[in-house]
Amino acid sequence: MASIRKEIELGASPTHVWQAVRDIGALHERLVPGFVVDNRLDGDARIVTFGNGMVVRELIVDLDDGSRRLVWSARGGRLSHHNASAQVFPGEAGGSRLVWIADLLPDDVAPDIRAVMDQAGAVMQKTLAGP
């Protein structure tokens with residue numbers, strides 16, 4: 001199983017970043033606008049439409065305010081398994097550090113998922129640049 005770990009430095013405070021991450025119905029507005037163009041809730045899941053037209057159903061596994069951690073899972077397309085988490089920590093030089101981990105199968109999809117995570121991280125850095 002491939003495992004991808006990204007640490008993204010953000011200028012906004014941990015509280016501000018966590019509020020954006022935990023707002024699972026506003027991913028397209030508060031966290032990665034443009035990269036995600038629509039997001040709607042469906043029971044325990046969110047239906048995410050990406051800027052490239054791809055639509056994914058993500059099951060929300062856990063939303064933990066105490067540890068500022070969100071966990072979700074998705075299946076479909078080329079993925080037989082995908083489980084991911086995003087956790088917000090104080091940054092070492094102020095701001096925040098978002099740790100995003102994705103575990104997935106098959107392994108050969110990992111380069112594509114890594115590229116998607118890099119793109120999303122760059123959007124997060126612009127969106128959450130300040131307070």
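A residue counts as buried at under 20% relative accessible area, as exposed at over 50%, and as partly exposed in between (1.4 Å probe, protein chains only). Take Thr49: its relative accessibility is 19%, so Thr49 counts as buried. The model here is predicted: local features need pLDDT of at least 70, side-chain atom pairs count only at pLDDT 80 or more, and totals for chains, interfaces and linings use all residues. Residues are numbered from 1 along each chain as its sequence is written, and side-chain values use heavy atoms, with hydrogens and water left out.

Stay with Thr49 for a moment. Thr49 sits in strand 3, residues 45-50. Strands (E, at least two residues) and helices (H or I, at least four) are DSSP runs, numbered from the N terminus. A contact means heavy atoms within 4.5 Å. Not counting residues up to four places away in sequence, Thr49 touches Val36, Val37, Asp38, Met54 and Val55.

Now turn to the core. A nonpolar core is a set of buried Ala, Val, Leu, Ile, Met, Phe, Trp, Tyr and Cys residues joined through side-chain atoms within 4.5 Å. In soluble globular proteins, nonpolar side chains tend to be buried together. The largest core here has 38 residues; Val21, Val32, Leu98, Trp100, Leu104 and Met124 touch the most other members. Helix 3, residues 110-127, gives the most to this core: six residues.

Look at two of these core residues. Leaving out residues up to four places away in sequence, Met124 touches Ile8, Leu10, Leu31, Val32, Leu98 and Trp100. Trp100 lies in strand 7. Its relative accessible area is 12%, so Trp100 is buried.

Next, follow strand 1, residues 2-10. In a regular strand the side chains alternate between the two faces of the sheet. The covered face of strand 1 holds Ala2, Ile4, Lys6, Ile8 and Leu10. Ser3, Arg5, Glu7 and Glu9 make up the uncovered face. Which way does strand 1 pair with strand 7, parallel or antiparallel? The sense is antiparallel, over nine bridges, and strand 7 covers residues 96-105. Two strands pair if DSSP finds at least two bridges between them. Arg5 stands opposite Ile101 of strand 7. Trp100 and Lys6 are 94 residues apart along the chain, yet their C-alpha atoms are separated by 5.1 Å.

Charged side chains come next. A salt bridge is a side-chain nitrogen of Lys or Arg within 4 Å of a carboxyl oxygen of Asp or Glu. How many salt bridges does the structure hold? There are eight. One joins Asp118 and Lys6, at 2.6 Å from N to O. Asp118 is in helix 3 and Lys6 in strand 1, so this pair ties together parts that are 112 residues apart in sequence. Lys6 has 17% relative accessibility and so counts as buried, whereas Asp118, at 42%, counts as partly exposed.

A second salt bridge joins Glu58 and Arg46, at 2.7 Å from N to O. Glu58 lies in strand 4 and Arg46 in strand 3, so the pair ties together parts twelve residues apart. Glu58 is buried, with a relative accessible area of 8%. Arg46 is buried too, at 4%.

Asp42 also forms a salt bridge with Arg57; the closest N and O atoms are 3.7 Å apart.
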